[in-house]
Amino acid sequence: MALTITCPVCGKRNGYEFKYGGEEKGPRPEEKDLNPQAWCEYVHMNKCVAGVQEEWWFHKDGCGSWFTILRDTTTNLEQEKKEAKK
Amino acid sequence: MMNRLDHMPTLKIDGFRKIGFIYKKKKYYGVEGDTVATALYANGIRIFARSLKYHRPRGLYSLDGECSNTCMEVDNIPNVRCENTLLKEGMVIKEQNVKGSAENDMMSFIDKMDWMMPAGFYYNTMHKPASIWPIAMKQIRKAAGLGTLSPDFEMPGIYDEIFPTTDVCIIGGGPSGMMAAVAAAKKGLRVIIMEARPWLGGFFEYRSSQYKPGKDKGSQSLHDRALELDREVNALENIRVFTHTSMVGAYNNNLITGFQIGKESDLFDQRYIEIRAKSVVVATGCIERPLIFDNNERPGVMQIGCALRLANTYGLLPGQKAVFSIGHDLGLEAALELSSLGLNIELIADIREDGQNPELLQKLEDKNITLLKGWVACKANGKKRVKNVELSSIDGLASKTVSCDLIVASAGMTPVTGPVTIAQGKLKYDAHTGFFLADKLPEKIHVTGRLLGLDNPLSIETSGTIAGLQAALDCENCSIKEIGDIKKSLKNLPGPTRGTKLVTAPVKGRKSFICFDEDTTIKNIKQAIEKGFDVPELIKRFTSAGTGPGQGGIPGHNLPLYVAKYQALPDISIKPTTTRPPLVPTLLSTYAGTNHIMLKQTPMDKMQREDGGIFRNIGVWQRARYFSNDLTCKKEIENIRSNVGMLDASTLGKFRIHGPDALKALQRVFVSDMSKVQQGRMKYSAMCNDDGCVIDDGVITKLGENDYYFTTSTGRAGQTVEWIRYHTRYDKWNFHIVNLTDSMGVINLAGPNARKVLAKIVDMDISNEAFGFSEYKEFNIKDCIPVRAMRLGFVGELSYELHVPSSYMLSVWLMLKDAGKEFRIQNFGVEAQNVLRMEKCHIILGQESEQRTNLLDVGLEFLWDRTKADAKTIGAVALSQAEKDKDRFKLVGFKMEENGRAPHDGSLIVDEKVRGYVCTARDSFSLNEAVGMALVDGPLSKIGTRLEIYEDECNGKRIYGKVVEMPFYDPEGSRMKM
């Protein structure tokens, strides 16, 4: 409830305007020679880090865009991208 | 009714405006401005309630609702905190937890049985054998507890909610809070003040002592100063004040929650408030730390602030003859004020041997009021209210008894640190003040005023300004230097005063209550410590001290002090117990808020209701499910099969997707090869998720170059944009998707006579040759209403799906109704459609599928195009893996052996174990058979397999069906193509 998320279009807003879209895992793998194991890893397996993770959010009650943020899963606080990327 | 004092400027009542209320079936009067508690007090009521466990008489003790002493039933709502509830005309007030009345409670004998009930007695007794507990529990529940609520009780009142955003949120509208607000607001910031009382002013507001400002201010009382600050606050447009608003929670990123109690003029009774602030200032000030002695909660014992505010705010002299037993200068000040208002003060016992304000001492001497330093009250005598008090020197050497009807008792002050701790701040015991002071504060949270241990009015105000500027600094509107300058000026003002540490008078403590709500005595605490509980947090749980409605307001400070002292360890650290939200008891209905009906209505809603539609909530919509009380919809179905009908299908998801990369996006989400979608024709396709499970189906057509129009099922419409954008989020494709679901309505005109009806209102050839099955046409009705028409066959008959702008829906509907009059056109509802399409074995996702059902299971593999690997179609990988699995559920059609005996939807297909379930089954009027569709284990899906069906409440009797070819009705599909 107390989470805030910074939308690249609309700015910092209350967490309930957004929908979670999972961890950032990179684009869909090429289908050629893709074995079931690797596919399952991509779709279902998560790192579930205790700490800062990059993750997708959808601004459902706003501009309707998908974007990533960095969030500390232990404090539920968003981190600024610049400082965390260092 | 007592005469009210009427000359003080501090009064908040209007003695001329009487307010009538009912108490114990008799009419009483209070005055405007009264709380329920003060109105009862004015009418001579001294016993408000009986206590939870021992049924001891309880009266007015504080005036801010820190204990359950004055919880009563008001207008059928139990546990109303009467001290915080303003009196309204016609209120009906009742006592609770009494057998008889609060004055004469037949359960009061329990008070003598306390020896049977040591700390934690119900953990230790009544559980061996286990069968005793249910019986014992019933008896305990009868005897103990607060108000009662019947299960069918419906909460009256209007509840609202608001979610303001602000720069600075200030909790507490006392002097330091107001100064902080003014300082921050003058820096151009938006400020919110939350104040629990119905007015601003806090610690200054009810006091008439001198404010002692700089020389230029002349003589000004604290009350005048509070008014001055109030005016200053109100003059600033960027300060929003919420009075009668309690803060109840604090969460990450400075999210502050609370609730406001509405005034008579407000449109709500209570309103939930959730404030998002950049910076927070906690200025909650102090409450009094209760003095513990024998019978310290007898009616007639009250705190300093309670006695003083009864007089100064409500015009009620709290008693006739009073004895004070206090440990703070506020007690001396109150004694002087109350004495000048006519209260006889027999004696003041001050815990402190020295350190009193010499000016106050002089005034007491002038008034001939006896002050005993180093003395304390030991026992209040009097069965139902105070008759006399036994006092003793703190060392217990000397004692005396004084008769009185009022004991003003308080051990000292204690800061209201709840907001700090629930915001995850840490507290540390401070030996000088005896307070728990904020030690480590979270980012952008500041404390001020008496929370810093300050007591001097000027120090309090200056600290408020500092906090306001610090908040401004958080918002980058203030310089560090500016704060430094004011901090210097605070250094020249009086700092925190030394506080008293005494918790209890020298007594054994069998009837000395540390927590009123839970009837916990000092003796109980000792018992818990002797059992080995050494931390206040554990003792709190074992003795339940501080777990009542007051949320630790009474024992919060005393418990850790006492525990530390009693254990007599050399290196004991004094730890406070944890505070959790809600800080103040909050109604569930306040949290629930306004309870809007959040269902959508189609443009035809009103008309369909007038036509006798029986509505049901379907997903986010309200839809007409039936048009008669015959829930089998026989007439509606027969009308479609043989004549013509109209269905409002406006809930269908409708989307336009366009742009250079629109086709790529479609290829990603739809399983078919979307490059084959043509202008003028409809294509049916489906969407899967990454597991190959089918999530949506619909039709699509091409409107023009890079421009498509498609439908989704009703339930998926809300997620479609999100879904498509999610699955194309890495691709940076250039397309745009527009949700037209609400801007377009849909009429499904179906039945053999549908063409004849439609032909009457359009000016074009709609013969089967000109407008064939599966085709798409755009035309205008009456040259102005643009219609997108598609020939589909969901119900298995000739039908036209007309997509019409919502604003024209009613017009087109009425034209069709008019045109169809000669054919006796009828409405049909969602249930008739459900049966009609089931007979055709057209699936509805969610009904013929569940979470795990994939595209192949429901027999839609013909939609899947395997040649577009480059599109990375969602679900394709999983589908090619699932294809090899023969054990998956399969969708089959079945016919029942017994006619007229269709199983309920959801019945199980069984043999020795569960083998599947019935999706939809009905007695078909068109076929004169009971038919349905079911998802069954792969091996059971062969034509001719006998299915054993288990229905709920079938008493062991199974019913049987047989797998047959699909569809059941018109297998060649000639009727929808005619």
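Helices (H or I, at least four residues) and strands (E, at least two) are DSSP runs, numbered from the N terminus. The views below show a predicted model, in which local features need pLDDT of at least 70, side-chain atom pairs count only at pLDDT 80 or more, and totals for chains, interfaces and linings use all residues. Residues are numbered from 1 along each chain as its sequence is written, while chains are lettered from A and ligands numbered from 1 in the order in which they are written.

**Figure 1. Chain A and its elements.** Chain A holds two helices and six strands, which follow one another from the N terminus as β-β-β-α-β-β-β-α. The C-alpha trace of chain A spans about 40 × 25 × 25 Å along its principal axes. Of the 86 residues in chain A, 12% are buried; a residue is buried if 20 or more other C-beta atoms, placed from the backbone, lie within 10 Å of its own, exposed if 12 or fewer, and partly exposed in between. Two residues are in contact if their C-beta atoms, placed from the backbone, lie within 7 Å. Among the contacts in chain A between residues at least 6 apart in sequence, 53% join residues at least 24 apart.

**Figure 2. The interface of chain A with chain B.** On chain A, 21 residues are in contact with 17 residues of chain B. Strand S3 (18-23) and helix H1 (36-44) of chain A are the elements that give two or more residues to the side of chain A that touches chain B. H1(A) gives the most, with three residues. The residues on this side of chain A comprise eleven nonpolar, five polar and five charged, where Ala, Val, Leu, Ile, Met, Phe, Trp, Tyr, Cys and Pro count as nonpolar, Asp, Glu, Lys and Arg as charged, and the others, Gly among them, as polar.

**Figure 3. Helices H4 and H11 of chain B.** Helix H4 (residues 175-186) and helix H11 (residues 457-474) of chain B pack at an angle of about 40°, with their axes 7 Å apart. Axes are lines fitted to C-alpha atoms, for helices over the stretch in contact, and angles run from 0 to 180 degrees between N-to-C directions. H4(B) and H11(B) are therefore oblique to each other, given that angles under 35 degrees count as roughly parallel, over 145 as roughly antiparallel, 65 to 115 as roughly perpendicular and the rest as oblique. The residues of this contact between H4(B) and H11(B) divide into 14 nonpolar, six polar and one charged. Among the residues that meet are B:Met178 and B:Val182 in H4(B) and B:Ile460 and B:Leu469 in H11(B).

**Figure 4. A parallel five-stranded sheet in chain B.** The strands of this open sheet are ordered S16-S23-S17-S18-S19 (chain B), with parallel pairing; two strands pair if DSSP finds at least two bridges between them. Strand S16 (301-302) and strand S19 (371-373) of chain B are the edge strands, each pairing on one side only. Strand S18 (residues 344-350) of chain B is joined to S19(B) by three bridges, and B:Asp350 stands opposite B:Lys373 in S19(B). Helix H8 (residues 329-340) of chain B lies across strand S17 (321-326), S18 and strand S23 (406-409) of chain B, at about 175° to S18(B).

**Figure 5. A mixed six-stranded sheet in chain B.** This open sheet has the order S39-S40-S41-S38-S32-S42 (chain B), with mixed pairing. S39 and strand S42 (826-827) of chain B stand at the edges with a single partner strand each, so one side of each is left without a neighbour in the sheet. Strand S39 (residues 776-781) and strand S40 (residues 785-791) of chain B pair in the antiparallel sense over six bridges, and B:Asn780 has B:Pro786 in S40(B) as its bridge partner. The hairpin of S39(B) and S40(B) has three residues between the strands, and B:Lys782 in the turn has a positive phi of about 55°. Four bridges pair S40(B) in the antiparallel sense with strand S41 (residues 799-805) of chain B.

**Figure 6. The surroundings of helix H23 of chain B.** Nine of the ten residues of helix H23 (residues 830-839) of chain B are buried, so this helix is largely enclosed by the rest of the structure. The buried residues of H23(B) include B:Val830, B:Leu836 and B:Met838. Their packing partners include helix H18 (634-642) and strand S45 (914-924) of chain B. B:Cys841, which follows H23(B), has a positive phi, near 55°.
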